[in-house]
Amino acid sequence: MKRRTLLKASLKLGITGMLFPGVALSDYPTGAFLAKQIPDALQAAFGTADIGESQQIEIEAPHIASDANMVPVRVKSGFDNTESISLVVTGNESPFTAYFKLYEEQNFVSTRIRMAESGDLLVVVKADGVLHTNQRPIRVGRNSCGA
Amino acid sequence: MARTVKIRAHEIDGQVTVKSVINHPMETGLRKIKKTGKKIPPHFIKEVIVSRNRRIVMEAFWGKSISRNPFLSFQIAGRKGDLITISWLDNRGNSDSTSAKVR
């Protein structure tokens, strides 16, 4: 086990160490990605599941997604000093989907996600050390993927 | 190996919009082969690191719920000619890295 973690660590250092010497990178939030329930995932990722809602987070996603395997999502944080943007999908086997850690002044992220069933997309934004959340319901077509 | 990352970056008024697609199966580990009923083992990108002019800009941690051939887009401050590098690492230890200039 120890050897394995060591191997992984060296791999990560291999690609990052060469490119960015002297930068302390964060670790993969394994606990959050393994959690099956949303409160557990939030607890593992941020240390609290009690996060206030905010309309300053803009979520752009289709009301009805034709392909559940490729749901385009655009997130814009209206906060200054946005530190991270996270995506959580209700109904997926592992709800925690993505965690974007931002190092420069930026507030926009877009990607494509999988949805096992119709549900909510939860976005958690950390800005100035404070957590905010917002959500959007998304309905998906029939050929879902099970993620 | 063929390049796995495609990057397009263009600048408008000091704001650089980067769009990229990574070629990757992003296997969840839940899909089964219909004939045998065997599960296809998970194979997905865990981490993506983005840098501008060798300074890290964004670190993305992904789970299985990201689509196949993941698309990633974001906006940063920058100029024409800046070097955007995107590197990824998957759960099997494979990795790749590509750079592109901002246009």
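Leaving aside neighbours within four places in sequence, which residues is B:Ser20 in contact with? The legends below refer to a predicted model, and the first one gives the answer.

**Figure 1. Surroundings of B:Ser20 in chain B.** B:Ser20 lies in strand E2, which covers residues 15-22 of chain B. Apart from neighbours within four places in sequence, its contacts are B:Lys6, B:Ile7, B:Pro70, B:Phe71, B:Leu72 and B:Ile86. B:Ser20 counts as buried because its relative accessibility is 2%, and buried means under 20%.

**Figure 2. Overall make-up of chain A.** Chain A contains three helices and nine strands. Read from the N terminus, the order is α-α-α-β-β-β-β-β-β-β-β-β. The chain has 147 residues, and 46% of them count as buried. Among contacts in chain A with a separation of 6 or more, 64% join residues 24 or more positions apart. The chain exposes about 7700 Å², of which carbon and sulfur atoms supply 52%.

**Figure 3. A:Arg136, a buried residue with no salt bridge.** A:Arg136 sits in strand E9 of chain A, residues 130-140. The nearest side chain of opposite charge belongs to A:Glu60, 7.7 Å away. A salt bridge would need a side-chain nitrogen within 4 Å of a carboxyl oxygen.

**Figure 4. Contacts of A:Arg136.** The side chain of A:Arg136 reaches the backbone oxygen of A:Ile59 at 3.3 Å. Not counting residues up to four places away in sequence, A:Arg136 touches A:Ile59, A:Glu60, A:Ala61, A:Pro62 and A:His63, as well as A:Gly119, A:Asp120 and A:Leu121.

Notes. Residues numbered from 1 in each chain as written. Chains lettered and ligands numbered in written order. Predicted model: local features only at pLDDT ≥ 70, side-chain atom pairs only at ≥ 80, totals over all residues. Heavy atoms only, no water. Helix = DSSP H or I, 4+ residues; strand = E, 2+ residues; numbered from the N terminus. Buried < 20%, exposed > 50% of the residue type's maximum accessible area, 1.4 Å probe, protein only. Contact = heavy atoms within 4.5 Å. Areas by Shrake-Rupley, 256 points an atom, 1.4 Å probe, with all protein chains shown as cover. Lys, Arg positive; Asp, Glu negative; His and termini not counted. Polar contact = N/O pair within 3.5 Å; in protein donor to acceptor, adjacent residues only side chain to side chain.
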